[in-house]
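Welcome! Let us take a walk through this protein together, one region at a time.

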Amino acid sequence: MANKEIPYKIYLEESEMPKAWYNLRADMKNKPAPLLNPATGKLMSAEELSDVFCAELAKQEVDEDTAYFPIPEEILSFYKMYRPAPLVRAYCLEEKLKTPAKIYYKFEGNNTSGSHKLNSAIAQAYYAKKQGLTGVTTETGAGQWGTALSMACAYLGLDCKVYMVKVSYEQKPFRREVMRTYGASVTPSPSMETEVGRRILEKHPGTGGSLGCAISEAVEVATNTPGYRYVLGSVLNQVMLHQSIIGLEAKAAMDKYGIKPDVIIGCAGGGSNLGGLIAPFMGEKLRGEADYRFIAVEPASCPSLTRGAFAYDYCDTGMVCPLAKMYTLGSNYIPAPNHAGGLRYHGMSPILSQLRADGLLEAISVPQTEVFAAAEYFARAEGTLPAPESSHAIKAAMDEAIRCRETGEEKTILFGLTGTGYFDMYAYEKFHDGKMTDYIPSDEEIQKALSYLPDMSKYDL
């Protein structure tokens, strides 16, 4: 098998596409800490969560024992529009870098939403429709999640209301218009439409917003609108579950040709694509079946994994959502309005946070000018224009390949190319014109935000 000639793009046959999502928590010895009710400090049950989420999604959220969840046939049929997604050997990049490393990337941009987000959007919309709901609310950062959800809702006939981080709403008008084309209403956040939005604007006048702000608004509207529920594009366990399709396909394609990656790299904002990519490989590591090195790459402007605290925190700026134990910069932290796109969330997936705390996941942060330099280099070598988010992983993968050139090591590198950058040309323009700057928060700024972490001593844990 290992001697088979490896093509430029590896595609799985439709019959080889995974038929079940993989729940990494089932193989974790140290399970992620449970979500807590901020009013009582008690564990949030599936029943309580179902007031905010669809009932089936609430069950998936709290299930840490079931290893595999069968993918409903209706979702599989939708997946077949754009899946299996290709695993690409970056031959041209390898040659340009003059590295002995072998570089592969799992490309998730071959759908109209332009990113991996559609994998979970269709699942969450499906369960909302199955429950008999009329609509959903959500937040979006760079707009990839909002675009994906609007597509899924249009397909299933659901209303879709999106709160888009204000700075992205202004910087990425074309992604906003794709959402509207698919029937979604899009509101810049924070807004005057909600009570929590008005409070945030009073406290932070003129703010460009954050994902934490947008989440607060979307949850408020969902819980006050009959027939609606809230859906989320990253962070939560249910999203990690759906995104495991990325890693399952990548591993199946590599196994087909006898390829084993030494290092697996993904960009990290809330954690959905990274968690999905590494899931089956991390499962093998946890079971003692194989060993891999995993690297999370985050923006230096929002460094939750590298400079945050591992603690219980609110999932939103308005402090109305459950408490999650995660690496966090504090729910009050509002990142600089840079071009890191969707990687602006103050916290990280509880699953990835626990893996980081256990020493199973490395984390690095990179400034955005270096990210865009890597993106441009990659585009010129491989012919694909990457999204700013994915370019964080590209930067780290290139650095690993350069180290291999310097040491002579022949490592195999796998990274996630989560989406295309065709709606991010404003950011590329800033980079090319030399107007892009790097913002790195000071220790004082981070400590000030962390000072608002909830006081857990008041709870009887």
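Predicted model: local features only at pLDDT ≥ 70, side-chain atom pairs only at ≥ 80, totals over all residues.

In H12, 14 of the 15 residues are buried, so the helix is largely enclosed by the rest of the structure. H12 covers residues 272-286 and reaches 19 Å from its first C-alpha to its last, close to the 21 Å expected at 1.5 Å a residue. Follow the helix along and you will find a kink of about 55 degrees at Ala-279, shortly before the proline Pro-280. Just after H12 comes Gly-288, with a positive phi of about 75 degrees.

From there, let us turn to a sheet. Seven strands form an open sheet with mixed pairing, in the order E1-E4-E5-E15-E10-E11-E14. Its edge strands are E1 (9-10) and E14 (362-366), each of which pairs on one side only. Helix H16 (residues 388-407) packs on this sheet, where it touches E5, E10, E11 (293-299), E14 and E15. The direction of H16 makes about 170 degrees with that of E15.

What does E15 pair with? One partner is strand E5 (residues 102-107), which pairs with E15 in the parallel sense over six bridges. Within this pairing, Tyr-104 stands opposite Leu-414. Strand E10 (residues 263-267) also pairs with E15 in the parallel sense, over three bridges. There, Ile-264 stands opposite Leu-414, and Ile-265 has Phe-415 as its bridge partner.

Now for another sheet. Four strands make up an open sheet with parallel pairing, in the order E8-E7-E6-E9. The edges are formed by E8 (185-189) and E9 (228-230), and each of these pairs on one side only. On average, neighbouring strands of this sheet are turned by 20 degrees against each other, direction ignored. Within the sheet, E6 (residues 135-140) and E7 (residues 159-165) pair in the parallel sense over six bridges, and Glu-139 stands opposite Tyr-163 in E7.

Helix H6 (residues 144-156) packs on this sheet and touches E6 and E7, with its direction at about 165 degrees to that of E6. Helix H10 (residues 211-223) lies across E6, E7, E8 and E9, and runs at about 170 degrees to E6.

What about the cysteines? A disulfide is a covalent bond between the sulfur atoms of two cysteines. This structure holds zero disulfides. The sulfur of Cys-153 has its closest cysteine sulfur in Cys-160, but the distance of 4.2 Å is too far for a bond. Cys-213 is in no disulfide either, with the nearest cysteine sulfur, that of Cys-321, 12 Å away. Cys-153 counts as buried because its relative accessibility is 1%, and Cys-213 counts as buried at 0%.

Our last stop is the backbone of a few loops. Most residues other than glycine have a negative phi, and most peptide bonds are trans. Which bonds are cis? One of them runs from Arg-83 to Pro-84, with omega near 0 degrees. Pro-84 sits in the loop between helix H3 (73-79) and strand E4 (87-89). Another cis bond runs from Ser-189 to Pro-190, with omega near 5 degrees, and Pro-190 is in the loop between E8 and helix H9 (195-203).

Finally, compare two residues with a positive phi. Lys-98 has a phi near 55 degrees and is found in the loop between helix H4 (91-97) and E5. Val-235, also not a glycine, has a positive phi of about 70 degrees and lies in the loop between E9 and helix H11 (237-256). Which of these is buried or exposed? Lys-98 counts as exposed, because its relative accessibility is 64%, whereas Val-235 counts as buried at 4%.

Definitions and conventions:
Residues numbered from 1 in each chain as written. Heavy atoms only, no water. Pairing = 2+ DSSP bridges. Axes fitted to C-alpha atoms, helices over the stretch in contact; angles between N-to-C directions. Contact = heavy atoms within 4.5 Å. Expected span 1.5 Å × (residues − 1). Bend = angle between axes of the 7 residues up to and from the residue. Buried < 20%, exposed > 50% of the residue type's maximum accessible area, 1.4 Å probe, protein only. Disulfide = S-S within 2.5 Å.
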